[in-house]
Amino acid sequence: MAQNSFDVVALGELLIDFTESGFSPQGNILFEANPGGAPCNVLAMLRKLDRSCAFVGKVGDDMFGRQLRAAAEEAGICMNYLAQDRETHTTLAFVKKLANGDRDFSFYRNPGADMMLTAAELPEEVLANARIFHFGTLSMTHEGVRQATCRALDCAKAGGALLSFDPNLRPPLWESLEEARKQIAYGLSRCDVLKIADNELETMTGETDLDRGAAILREEYPNIRLLNVTAGPDGSCAYYENHRVFQPALKMGGTIETTGAGDTFCACVLHFVLEHGLDGLTADGLGKMLQFANAAAYLVTTKRGAIRSMPDRAQIEALL
């Protein structure tokens, strides 16, 4: 493999997830500073599956930025293309687990360093040599980093990469839900592989029924060759050509929190695409893909955080 060639290159946010971790003797909530950020979470899982990965983004020149770089490098992700901002601090997210198992986010990102990435800072040769380029919408919330994301997509596509998109909708980070829908629609119009959560599907289509929502997206965006919908404890669906495949979620108890579960699922799908491509996929193959991805996603929910909590292939196969 060439020096600037990777299986997957991802662009976007790299941040600290402060997750609740009990109480102090004085009764104060304790938070654990977990390295995270959806695109880098995806890469961390792909590294567990022996895929070569590089991350493109920006952190602050501060203690959290250095912690993030160290954690990602520890995971085996190439961080040569991580920029540092001397003026803007690393983005922070405080994650509260709700009674229904979902999460509530409080972001410290006004601005955050990940928003400050510019098109001039992109490693265009690396993007042009990627087999898959993965992105989300947190790098599309503000104009400068949005331009960088669009330029990165153009570079990767021109080089022959498949484009993978996960909306990862976080409403508090948008000026309006209308603007979020606009940028998600742009991502949908560019991607070959889509991972979308059930609530995001509803946001974009108005449908709570997964099949009807997926049908609307497939008709409007025929560029999407493999569409995967995740529905948390209700399982996941894959839509490809005339195939519709469902796999139930694993419900074995022991879930601590769900941060990184969708990113883990997404990484397993990309691993499958790297192995099999996007031509001639079968219902049986898609079923095995979903089964593997669901198992990996379950395992990451049994730990806090994401980058340092990804399961390896042996753990997933043992569970299956």
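User: F18 and F64: buried or exposed?

Analyst: This is a predicted model, and in it both F18 and F64 are buried.

User: How many aromatic pairs are there, and what's the geometry for F18 and F64?

Analyst: The count comes to seven aromatic pairs. F18 and F64 are edge-to-face, with 5.7 Å centre to centre and 90° between the planes. F18 sits in strand β2 (residues 15-23) and F64 in helix α2 (residues 63-74), so the pair ties together parts 46 residues apart in sequence.

User: And F94 with Y108, what does that pair look like?

Analyst: Edge-to-face, at 5.4 Å centre to centre and 70° between the planes. F94 belongs to strand β6 and Y108 to strand β7, so parts 14 residues apart in sequence are tied together. F94 is partly exposed, at 25% relative accessible area, while Y108 counts as exposed at 52%.

User: Which residues are in the ring cluster?

Analyst: Ring pairs link F18, F31, F64, F94 and Y108.

User: OK, sheet next. What's the strand order?

Analyst: β3-β2-β6-β7, an open sheet with mixed pairing. The edges are β3 (29-36) and β7 (103-108), and the twist averages 30° from one strand to the next.

User: How many bridges join β6 to β7?

Analyst: Six, and those two strands run antiparallel. F94 stands opposite S106 there.

User: Switching to the largest nonpolar core: which residues touch the most other members?

Analyst: L14 and L226, out of 55 residues. Helix α9 (residues 283-300) gives the most to this core, with 11 residues. Another core, of 44 residues, lies apart from it and includes L11 and L169.

Technical notes. Residues numbered from 1 in each chain as written. Predicted model: local features only at pLDDT ≥ 70, side-chain atom pairs only at ≥ 80, totals over all residues. Heavy atoms only, no water. Core = buried A, V, L, I, M, F, W, Y, C linked by side-chain atoms within 4.5 Å. Buried < 20%, exposed > 50% of the residue type's maximum accessible area, 1.4 Å probe, protein only. Helix = DSSP H or I, 4+ residues; strand = E, 2+ residues; numbered from the N terminus. Pairing = 2+ DSSP bridges. Axes fitted to C-alpha atoms, helices over the stretch in contact; angles between N-to-C directions. Phe/Tyr/Trp six-rings, centres within 6.5 Å; stacked < 30°, edge-to-face > 60°.
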